[in-house]
Amino acid sequence: MPLVLSVLDQSPISEGSTGADALRNSIDLARRTEALGYERYWVAEHHGTPLLASAAPEILIAEIAA
């Protein structure tokens, strides 16, 4: 069975950053993931977690796909 590499992104908000910064970082990470040949890029969904920016992964996925 071949090894399949994946990335799970939770869109963390780094200290001193904003949610918008975290989402831009997620888009950048998705681009890098693709360029490195990873097979899958997963976006996690979180609600009411102040240190994670991805409450609506379908919106983030649309932006990444664009």
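Let's start on the outward-facing side of helix α1, where Arg24, Arg31, Arg32 and Ala35 are exposed. Keep in mind that you're looking at a predicted model. The protein has 2 helices and 2 strands, and going from the N terminus the order is β-α-β-α.

**The overall picture**
- The C-alpha trace spans about 40 × 25 × 20 Å along its principal axes.
- Of the 66 residues in the protein, 21% are buried.
- Take the contacts between residues at least 6 apart in sequence: 59% of them join residues at least 24 apart.

- Helix α1 covers residues 19-35, which makes 17 residues.
- From its first C-alpha to its last, α1 reaches 24 Å, close to the 24 Å you'd expect at 1.5 Å a residue.
- Which residues of α1 are buried? They are Ala22, Ser26, Ile27, Ala30 and Thr33.
- Look down the axis of α1 and those buried residues fall within an arc of 145 degrees, so they line one face of the helix.
- What do the buried residues of α1 pack against? Their partners are the strands β1 (6-9) and β2 (40-43), plus the helix α2 (57-65).
- Just after α1 comes Gly37, with a positive phi of about 90 degrees.

**How the two helices meet**
- α1 and α2 pack at an angle of about 50 degrees, and their axes are 10 Å apart.
- Why call this pair oblique? Angles from 35 to 65 degrees fall between roughly parallel and roughly perpendicular, and α1 and α2 are therefore oblique to each other.
- The crossing of α1 and α2 is right-handed.
- On the α1 side, Leu23, Ser26, Ile27 and Ala30 take part in the meeting, and on the α2 side it's Leu60, Glu63 and Ile64.

- Leu23 sits in helix α1.
- Its relative accessibility is 30%, so Leu23 counts as partly exposed.
- Leu23 and Leu60 are 37 residues apart along the chain, with their C-alpha atoms separated by 7.6 Å.
- Setting aside neighbours within four places in sequence, Leu23 is in contact with Ser11, Ala53 and Leu60.

- Where is Ser11? You'll find it in the loop between β1 and α1.
- Ser11 is buried, because its relative accessibility is 0%.
- Most residues other than glycine have a negative phi.
- Ser11 is not a glycine, yet its phi is positive, at about 55 degrees.
- Ser11 also turns up among the contacts of Leu23.

**Pro57, in α2**
- Pro57 lies in helix α2.
- Is Pro57 buried or exposed? With a relative accessibility of 9%, it counts as buried, because the cut-off is under 20%.
- Pro57 and Val43 are 14 residues apart in sequence, and 6.0 Å apart in space from C-alpha to C-alpha.
- Leaving out its neighbours within four places in sequence, Pro57 is in contact with Val43, Ala44 and Glu45.

Methods. Residues numbered from 1 in each chain as written. Predicted model: local features only at pLDDT ≥ 70, side-chain atom pairs only at ≥ 80, totals over all residues. Heavy atoms only, no water. Helix = DSSP H or I, 4+ residues; strand = E, 2+ residues; numbered from the N terminus. Expected span 1.5 Å × (residues − 1). Buried < 20%, exposed > 50% of the residue type's maximum accessible area, 1.4 Å probe, protein only. Arc of directions from axis to C-beta. Contact = heavy atoms within 4.5 Å. Axes fitted to C-alpha atoms, helices over the stretch in contact; angles between N-to-C directions. Parallel < 35°, antiparallel > 145°, perpendicular 65-115°, else oblique. Left-handed = near helix turned anticlockwise from the far one by under 90°.
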